[in-house]
Amino acid sequence: MESLADRVARIEAQITAATERAGRSRAEVDWIAVSKTVDPAQVRAAHAAGVRRFGESRAQELAAKRAALGDLELEWHFIGHVQTNKVREVLPLSSWIHSVDRLKLARKLAAQVPAAAPQRILVQVNTSGEASKSGVSPAGLPELLDALAAWPQLRVEGLMTIGPLTDDQQAIRAAFRTLRHARDRERARQRPGAPLGHLSMGMSGDFPIAIEEGATLLRIGTAFFGARP
Ligand SMILES: *Cc1c(COP(=O)(O)O)cnc(C)c1O
């Protein structure tokens with residue numbers, strides 16, 4: 001069976017190949033191992049294989065994993081939907097929050113984050129128009145970013161999206177391109193506290209396309225840990 005170290009090597013090789021195809025620097029692209037439903041022992045094994053950044057989508061599961069792995073230096077990314085009543089739980093557990101998608105949530109976050117220790121966030125955009133997906137609409141993005149600019153304690157590192165669940169490569173590519181264009185347009189506005197350097201996009205099934213379209217943070221679960229139950 002392929003070891004986690006083998007999988008790291010395979011994913012790294014795929015990332016390198018895609019950056020070369022796209023004429024991008026390998027150093028611009030990193031990946032987060034999505035560890036939802038994966039037990040702490042596996043995360044520990046991933047750490048031993050050299051992985052340091054992990055993604056979780058539920059507050060309770062993240063809290064349990066952090067408690068079980070407190071002896072390791074890991075960077076936790078919250079990638080799931082953030083319920084406003086979970087903000088107080090999620091904040092101290094997460095180095096990055098990828099899924100800020102509405103004003104009410106931003107306001108709750110801002111109220112909880114001390115100005116001395118800004119929180120890194122990404123704004124989630126619904127680029128596919130699928131009703132099932134969270135995320136601000138591309139049309140609503142400028143207004144949300146304008147509101148976020150009022151809170152220096154929230155550092156808007158970039159944008160995040162989930163590609164459409166389809167085999168249609170062109171539709172996937174179009175969604176990622178929409179995110180990159182939105183980022184380029186909004187970055188030109190130079191809002192304070194919003195460097196917008198990052199694009200969190202690309203999962204196990206579509207990360208090479210995401211890299212070709214400008215991704216800087218890939219979120220890879222299944223291709224690394226195997227299929228979830
Ligand atoms: C589960 C999840 C992933 C990882 O998906 P895989 O297809 O297993 O790589 C990435 N991003 C988000 C937001 C997720 O919920």
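**Chain size and ligand site**

Modeller: With 229 residues, a compact globule would have a radius of gyration near 17 Å; this chain has 17 Å, which agrees. That radius is taken over C-alpha atoms, and the globule rule is 2.2 Å times the number of residues to the power 0.38. This is a predicted model: local features need pLDDT of at least 70, side-chain atom pairs pLDDT 80 or more, while totals for chains, interfaces and linings use all residues. Residues are numbered from 1 along each chain as its sequence is written, and side-chain values use heavy atoms, without hydrogens and water.

Colleague: Which residue has a side-chain N or O atom 2.6 Å from an oxygen atom of the ligand?

Modeller: Look at the polar contacts (pairs of N or O atoms within 3.5 Å). Gly221 uses a backbone N or O atom, 2.8 Å from a ligand oxygen. Arg228 places a polar side-chain atom 2.8 Å from a ligand oxygen. The side chain at 2.6 Å belongs to Lys36.

Colleague: How much of the ligand does the protein bury?

Modeller: Accessible areas come from the Shrake-Rupley method with a 1.4 Å probe. Taken alone, the ligand exposes 390 Å². The protein buries 88%.

Colleague: How many helices and how many strands does the chain have?

Modeller: Both are DSSP runs: helices are H or I, at least four residues, and strands are E, at least two. The count is nine helices and eight strands.

Conventions: Polar contact = N/O pair within 3.5 Å; in protein donor to acceptor, adjacent residues only side chain to side chain.
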